[in-house]
Amino acid sequence: MRRIFIIINIFFLNALALSAQTKKPESDIDKKVDALIAKMTLEEKVGQMTEVTSDVVSTTTNGVHEIDAEKIKEAILKYHVGSILNVSGHAYDRKHWYEVISTIQAEAAKDRLKIPVIYGIDAIHGVTYTTGSTLFPQEIAMAATFNKEIAHKAGEITAYETRASYIPWNYSPVLDLGKSPLWPRIYETFGEDPYLIKTMGASIITGYQGNDVGDKYHVAACMKHYLGYGDPLSGKDRTPAWIPDRYMREYFLPPFAEAVKAGARTLMINSGEINGVPIHASKYMLTDVLRGELHFDGIAVSDWRDIEYLHDRHHIAATQKEAVMIAVNAGVDMSMVPYEYSFYNYLVELVNEGKVPMSRINEAVHRILKVKYQLGLFDRPVGNPDDYPKFGSDEFSQVSLNAATEAITLLKNNNYILPLKKDIKVFVTGPTANTMRSLDGGWSYTWQGEQSDLFAAGKNTILKAIQQKIGKDNVSYEPGASFDSLKNVDDAIKAAKNSDVIVLCLGELSYTENVGNIDDLNLPAAQTQLALELAKTGKPVILVLAEGRPRIVTAAESKSAATVMTYFSGNEGGDALANILFGDANPSGRLPVTYPRYANALVNYYRKNLENGNSDDQHGYNPLYEFGYGLSYTTFSYNNLHISKPDLKDGETLTITVDVKNTGQREGKESVLLYISELYASIAPDTKRLRGFDKIDLQAGETKTVTFKITPKDIAFVNDVSKTVTEAGEFKIQLGDQTQSFNYISNTVPSRTGKL
Ligand code: BGC
């Protein structure tokens, strides 16, 4: 009875909050938007909801791209298009971007109401489509830094360089849960843990948007892909997922809720279908949860062609027109159409036929125009080229270098073989050793990143960085294998025998989305074979894994003396690795995903107790490396774990402190990870969950006290009626090798047994 009362109460409070929100006094921008909407025709409104890709308004002749006068006229003056995205082909220089954006905005100024176009781009690890930009490590590597400040700084610089490219809208960050290691977009995520994702996500969003998203150095963030994209059943991109509502709220939703709180102005929708319902058709997800519960008031844009796909792929709409009706009524504000104007034509018809209410159109257009005002586009549709002297500067690339250095994760270091001395002979080999593709990954200069060696020719691959570090004469190189076949292995073996140490670079080339689908998580056999052949030389192997997801490397890895994970670490990744290998930097990255040992044993660290295995079952949780794992060249000890009280009660805060000491010989950074486990709960509790982290820098011998504050809300979970509750009971804290227990005692929420 009591439980029902509480639930009803929660619903009532939600409803109150919602009505309070709708009654919020209108801001000046809202008033301007309303006044503009009052002047708009249906066609002009629907145009604002239409987003087309650059190709629709461009001509490219002999590789020379330009905005086509007739096509842009048609887009703006006939269809009143509100938004354009992407590039035609590959990255442009800043000068070309200026021409592109100026031409588009000049056309917009000729339309009756002179509404500026909002241009969007995937600047997901720096401005991917502007030559000379600063390319950072991909999100997976950013997560490995466990450093919120670095994520924030990278966000600020990316925003600066995006505006320097005259673009105000960034389709980033990805806040998807990187749950299935097969999924080709793992590297675009902040890893598998909801707390890590939400913390890094909020940091990068505030970097993108600053205090005033409308100033000349900030851009609108676009949290994506709402919701449940990261765990397709098959591991293949844009294939069905089955995710119960409770799980959705426990693991997938929190990063988006946090991003809304951080002020993210826009959101992109997941192209997949969950429990058979495409998210683009889900009123529950797009309106009830997103607006009603999260109170998001920005733009919800579809992903690429996803309204069309409700008909073509998902088969939930019998016609394209029905697809438009379903999506817009569900809550899609803008359609990334992106190739033609049928969305526009159908939507005008649907409103005239009364199948989509004008109120829904006004709501969507209000959100779009509001963001355009907030971005300052009405006053400044094109930026000033002279305002961005730091674009592509050394100052910015230093931040990227620092990020890569803090990301790279040392997984094994037998007999302290690393760091290497600089006066030795090194043999560098493997398919990822001499290509920028394995440092930058996808979304680098092109969608698939396949031209990074051309566009980032001035940057150092792993091979070049090692050559620079210890001198060309000390380095020999043979690829040994391409991504999936052996290449002159005999030459590689010969060169290995003449060296003191082998740096074997395995992993992946660049890819994204469906192009990156795989049928097997194992690294291609040729790469393993190369590793095994080289191991036979008896020379120590330093295994470098340059890859976007944790491919199975167990056989190759069993032969290595040291193992280093570089992820896709960006344009400075080669230098960062060389600094680490030769001791000019001390590694401090930690795995933001579980590194599986076997291709069919894919369990995330926040597993259930049942997945741990027992004495009769030797097949329980046994990854190659656990989430959060990572070594340093120094050592740290944890002491004096202290909690402020043995019992945590409603409305109280528990203060947790621990002393961390650098017990080694050199300065080092340590990610201090706070795990909490609930011992018993009405829903089988996860074995442990990350509930806080901090990154500290310690001189040799130095000790710092790290403090965390925990409230009952921070240890809550989603129960069997999809409500977030904290049940009374015992909790265990783990910090390094230290543990402590406390009890949560509640006067309001029933315990697991239903008793207070
Ligand atoms: C991707 C999005 C991206 C969009 C625009 C889609 O295919 O799923 O992440 O923002 O394209 O480039």
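The buried residues of helix α19 pack against β14 (426-429), α17 (437-440), β15 (475-478), β16 (501-507), β17 (541-546) and α23 (573-581). The model is a predicted one.

Q: Which residues of helix α19 are buried, and what follows the helix?
A: In α19 (residues 462-470), the buried residues are Ile462, Leu463, Ala465, Ile466, Gln467 and Ile470. Gly471 comes after α19 and has a positive phi, near 90 degrees.

Q: Why is Glu107 called buried?
A: Buried means a relative accessible area under 20%. Glu107 has 6%, and is therefore buried. Glu107 belongs to helix α5 (residues 94-108). Leaving aside residues up to four places away in sequence, Glu107 touches Ile72, Lys73, Ile76 and Leu77.

Q: What makes the pair of Tyr79 and Tyr344 edge-to-face?
A: Ring centres must lie within 6.5 Å for a pair, and planes over 60 degrees apart count as edge-to-face. For Tyr79 and Tyr344 the values are 5.0 Å centre to centre and 90 degrees between the planes. The pair links distant parts of the chain, 265 residues apart: Tyr79 is in the loop between α4 (69-78) and β4 (83-85), and Tyr344 is in helix α14 (residues 342-352). Both of these tyrosines, Tyr79 and Tyr344, are buried.

Q: Why is the pair of Tyr226 and Phe256 classed as it is?
A: The ring centres of Tyr226 and Phe256 are 5.6 Å apart and the planes stand at 75 degrees, so this pair is edge-to-face. Tyr226 lies in strand β7 and Phe256 in helix α10 (residues 254-261), 30 residues apart. Tyr226 and Phe256 are both buried.

Q: How many aromatic pairs does the whole structure contain, and which residues form one aromatic cluster?
A: The search of the whole structure finds 28 aromatic pairs. One cluster is formed by Phe146, Tyr195, Tyr247, Tyr251, Tyr605, Tyr606, Phe627, Tyr675 and Phe693.

Q: What places Lys688 over the face of Tyr675?
A: The distance criterion requires NZ of Lys or CZ of Arg to be within 6 Å of the ring centre, and the direction must be within 35 degrees of the ring normal. Lys688 lies over the face of Tyr675 at 3.9 Å from the ring centre. The charged end of Arg94 likewise sits over the ring of Phe391, 5.5 Å from its centre.

Q: How do you know that β1 and β12 pair?
A: Pairing needs at least two bridges between the strands. Two bridges join β1 (residues 50-53) to β12, and the two strands run parallel. Thr50 stands opposite Ser335 in β12.

Q: What makes β11 and β12 edge strands?
A: The open sheet has eight strands with parallel pairing, in the order β11-β8-β7-β6-β5-β4-β1-β12. Its edge strands, β11 (299-301) and β12 (335-336), each pair on one side only.

Q: Which helices lie across β8 and β11?
A: Helix α11 (residues 283-293) lies across β7 (220-226), β8 (266-269) and β11, at about 130 degrees to β7. Helix α15 (residues 358-374) lies across β5 (118-121), β8 and β11, at about 110 degrees to β11.

Q: What are the bounds of the domains, and how many residues of domain 1 and domain 3 take part in their contact?
A: The domain assignment gives domain 1 (2-384), domain 2 (399-612) and domain 3 (636-745). Taken over C-alpha atoms, the centres of domain 1 and domain 3 are separated by 35 Å. Their contact takes 19 residues from domain 1 and 18 residues from domain 3.

Note on methods. Residues are numbered from 1 along each chain as its sequence is written. This is a predicted model: local features need pLDDT of at least 70, side-chain atom pairs count only at pLDDT 80 or more; totals for chains, interfaces and linings use all residues. Side-chain values use heavy atoms; hydrogens and water are left out. Helices (H or I, at least four residues) and strands (E, at least two) are DSSP runs, numbered from the N terminus. Contact means heavy atoms within 4.5 Å. Axes are lines fitted to C-alpha atoms, for helices over the stretch in contact, and angles run from 0 to 180 degrees between N-to-C directions. Rings of Phe, Tyr and Trp (its six-membered ring) pair if their centres lie within 6.5 Å; planes under 30 degrees apart count as stacked, over 60 as edge-to-face and the rest as tilted. Buried means under 20% relative accessible area, exposed over 50%, partly exposed in between (1.4 Å probe, protein chains only). Domain bounds come from an automatic or database domain assignment.
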